[in-house]
Amino acid sequence: MGNVLTPLVLYGLRLLIVIAIGGCLWCTGLILFTRIIPSAPLETIRTTDGIAIFTGGKTRIDVALDLFQQQKGRYLLISGVNPDANLSIRVAQIAHHSRITLGYDALDTVGNAEETAAWARLHRIRTLRLITSNYHMPRSLFELRYLLPIVDIIPHPVVGQSFLKPKWWLDPKTLYLVIQEYNKFLFALIRRPIKDLQAILIPRGQR
């Protein structure tokens with residue numbers, strides 16, 4: 001009986017060690033992730049060729065439209081617009097609204113990045129200010145810089161009230177939000193190389 005249990009015990013110990021190491025790595029990565037979440041916009045004075053916003057809240061849209069009206073960007077893309085929203089009415093009242101594009105196709109961050117990349121190529125954008133929530137910025141930058149490697153992208157995070165607290169990580173809702181975004185960021189880091197490898201190994205006609 002002892003001879004049978006010994007391999008099982010060893011296997012269990014090894015499994016626990018692997019889980020413990022994986023948990024430590026995940027926690028370390030989470031701490032590092034919180035440190036790359038921007039706390040304020042950068043280069044706010046600089047004018048860019050374009051401004052792009054990944055929608056998700058009224059505050060983001062207000063910031064984007066204010067920057068456009070301050071002539072901080074020649075063109076503006078609002079990506080991921082809800083078809084039921086009346087945003088087009090508001091945009092029509094803004095000067096130079098013909099330079100504002102409302103994107104309705106994007107359903108997620110990957111879609112936002114793809115929509116923005118196509119728009120940037122169309123307008124020959126070389127410098128771009130990206131607006132989204134601060135906790136969403138690392139993944140948004142990763143996806144967009146992957147598609148637009150030669151474009152200078154300036155992050156312009158919108159910081160929510162919960163992140164203005166000195167110890168925001170003590171707020172369960174905010175911490176849960178960050179953990180969700182961290183897991184999505186990890187998935188993006190894995191998905192992109194796999195997609196590149198598939199593009200190399202699988203012929204175009206077989207995809």
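Start with helix H2, residues 58-69, and select Lys58 and Asp62. Both residues lie in this helix, 4 residues apart, about one turn. Note before going on that the model is predicted.

Show the two side chains. Lys58 and Asp62 form a salt bridge, with their closest N and O atoms 2.9 Å apart. Lys58 counts as exposed, because its relative accessibility is 60% and the cut-off for exposed is over 50%.

**Next stop: H5 and H6**

Select Arg191 and Glu143. Their side chains meet in a salt bridge, at 2.4 Å from N to O. Arg191 belongs to helix H6 (residues 172-201) and Glu143 to helix H5 (residues 137-147), so this pair ties together parts that are 48 residues apart in sequence.

Now colour by accessibility. Are these two residues buried or exposed? Arg191 is buried, at a relative accessible area of 19%. Glu143 is buried too, at 1% relative accessibility. The cut-off for buried is under 20%.

**Next stop: a network**

Select Glu43, Arg46 and Asp152. Salt bridges that share partners join these three residues into one network.

Zoom in on Asp152 and Arg46. The salt bridge between them has its closest N and O atoms 2.7 Å apart. Which parts of the chain does it link? Asp152 sits in strand S5 (residues 152-158), while Arg46 sits in the loop between H1 and strand S1 (48-54). The pair therefore ties together parts that are 106 residues apart in sequence.

Asp152 is partly exposed, at 33% relative accessibility. Arg46 is also partly exposed, with a relative accessible area of 28%.

To see the rest of the salt bridges, display charged side chains throughout. How many salt bridges does the structure hold? There are 7. Side chains of opposite charge can pair when their charged atoms come close.

**Last stop: helix H1**

Turn to the surface and select Val9, Leu10, Tyr11, Leu13, Leu15, Leu16 and Ile19. These residues form a nonpolar patch on the surface. Together they have about 700 Å² of accessible area.

Finish on Tyr11, one of the patch residues. Tyr11 lies in helix H1, which covers residues 2-35. Tyr11 is exposed, with a relative accessible area of 56%.

Key:
Residues are numbered from 1 along each chain as its sequence is written. This is a predicted model: local features need pLDDT of at least 70, side-chain atom pairs count only at pLDDT 80 or more; totals for chains, interfaces and linings use all residues. Side-chain values use heavy atoms; hydrogens and water are left out. Patches are made of residues with over 30% relative accessible area and no salt bridge: like charges are joined within 9 Å, nonpolar side chains (Val, Leu, Ile, Met, Phe, Trp, Tyr) within 5 Å. Accessible areas come from the Shrake-Rupley method with a 1.4 Å probe; for residues, only the protein chains shown count as cover. A salt bridge is a side-chain nitrogen of Lys or Arg within 4 Å of a carboxyl oxygen of Asp or Glu. Helices (H or I, at least four residues) and strands (E, at least two) are DSSP runs, numbered from the N terminus. Buried means under 20% relative accessible area, exposed over 50%, partly exposed in between (1.4 Å probe, protein chains only).
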